[in-house]
Amino acid sequence: MSLLHVDSMVLLEYSAMEIILHILEHSVIDTLRLVPFLFVTYLAMEALEHKAGDRAEAAIRKAGAAGPAIGAVLGVFPQCGFSAAAATLYAGRVITLGTLIAVFLSTSDEMLPIFIAEQVDPAVILKILGAKLLIGLVMGFLVDGALRIARRRGADAMSIHELCERDHCHCHGGDGGILKSAIKHTLQVTLFIFIITLVLEAVIEGVGEDVLAEFLGANPGLSVFASALVGLIPNCAASVVITELYLEGTLAAGAMMAGLLVSAGVGLLVLFRTNRSIKQNIAILALLYGIGVVWGLVISAVGITF
């Protein structure tokens, strides 16, 4: 075996190790930054279930009508921690479907950090964030209103204890109280998120973000539909690619907004992990995609720019 061939093999192995470490690093970072949100959310839910009782549930019901407004505002904050928290709260039927949709639509994921890093005009950033907030708020109220008209409650009876039953954590009635229960749930969901994120990072690393960019820019006429489809990928790479293509001028405002409206990040992973109905989760995913596409087409048709 020649020395050149040996050197090539060493380089390939080194390169492969770099890629693996890169994937692990991103997966760990993306997962760990969600832990505080998940833990605080589960701790609050357990407190409601164990300590607060019927009075707290009644108060949440009364405040639920304003949920989409609150959710839309919270979702605007960068990263997808609030979308993960909202998915958990919805799974426990603490918040309404409209509130969940409002959070998902307004969530900015990696968009805001990229805009800031690229020194985008603050006025443009505020317009985009404001549009996402307004769309999230309006659609959240419409979803809750439609459920009430259909004589269905926007949120079922609080069922936090069902999360424990599905996870088989045996945390009710045991030692440690709400703290032990919150830690168990947080660890279980965190492990699930890490595994899926690791797989997605590996796939995206193998396929390459350039392929996503080519997919979005291949047919400008279908860019709204394609952008919304890419936006559903529960990984920060989706919002990164969409935002960068918009800044480069490859994506128009309508296509950009369609993709970023549905970029709920790992909130979608948490929803599928914690919510009991797979059919319901798929319906929510389809609803989110439809809303993103419709608003993207409207913005394109009206000729709105940011």
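The structure holds 1 cavity of 30 Å³ or more, a cavity being a set of points, on a 1 Å grid over the protein atoms alone, where a 1.4 Å probe fits but cannot get out. About 50 Å³ of space lies in the largest cavity, the volume being the space filled by probe spheres set on grid points that are joined across faces, edges and corners. The lining comprises 10 residues, of which Asp30, Arg33, Asn235, Cys236 and Val266 are the closest to the cavity centre; lining residues have an atom within 4 Å of a point. By class, the lining of the largest cavity divides into 4 nonpolar, 3 polar and 3 charged residues. Here Ala, Val, Leu, Ile, Met, Phe, Trp, Tyr, Cys and Pro count as nonpolar, Asp, Glu, Lys and Arg as charged, and the others, Gly among them, as polar.

The model is predicted: local features need pLDDT of at least 70, side-chain atom pairs count only at pLDDT 80 or more, and totals for chains, interfaces and linings use all residues. Residues are numbered from 1 along each chain as its sequence is written, and side-chain values use heavy atoms, with hydrogens and water left out.

The protein chain averages a pLDDT (the predictor's confidence in each residue, from 0 to 100) of 77, and 75% of the residues score at least 70. Confidence is highest in helix α15 (residues 278-302), at a mean of 94, and lowest in helix α8 (residues 160-167), at 55. Over residues 3-7 the pLDDT is below 50, and this stretch has 1 contact in the model beyond near neighbours in sequence; contact means heavy atoms within 4.5 Å.

The protein chain contains 15 helices and 0 strands, assigned as DSSP runs (H or I, at least four residues, for helices; E, at least two, for strands) and numbered from the N terminus. Of its 306 residues, 46% are buried, that is, under 20% relative accessible area with a 1.4 Å probe and protein chains only. Among contacts between residues at least 6 apart in sequence, 82% join residues at least 24 apart.

Two loop residues illustrate the local detail. Serine 263, in the loop between α13 (253-261) and α14 (267-274), is buried, with a relative accessible area of 2%. A polar atom of its side chain lies 2.7 Å from the backbone oxygen of glycine 259. Not counting residues up to four places away in sequence, serine 263 touches Thr107, Asp109, Gly231, Ser239 and Ile242. Threonine 96, in the loop between α4 (81-91) and α5 (97-106), counts as buried at 11% relative accessibility. The side chain of threonine 96 makes a polar contact with the side chain of aspartate 144 (2.7 Å). A polar contact is a pair of N or O atoms within 3.5 Å; within protein, one must be able to donate a hydrogen and the other to accept it, and residues adjacent in sequence count only if both atoms are side-chain atoms.

Key:
On a 1 Å grid over the protein atoms alone, a cavity is a set of points where a 1.4 Å probe fits but cannot get out, and a pocket is an open set with protein on both sides within 12 Å along at least five of seven lines; lining residues have an atom within 4 Å of a point. Buried means under 20% relative accessible area, exposed over 50%, partly exposed in between (1.4 Å probe, protein chains only).
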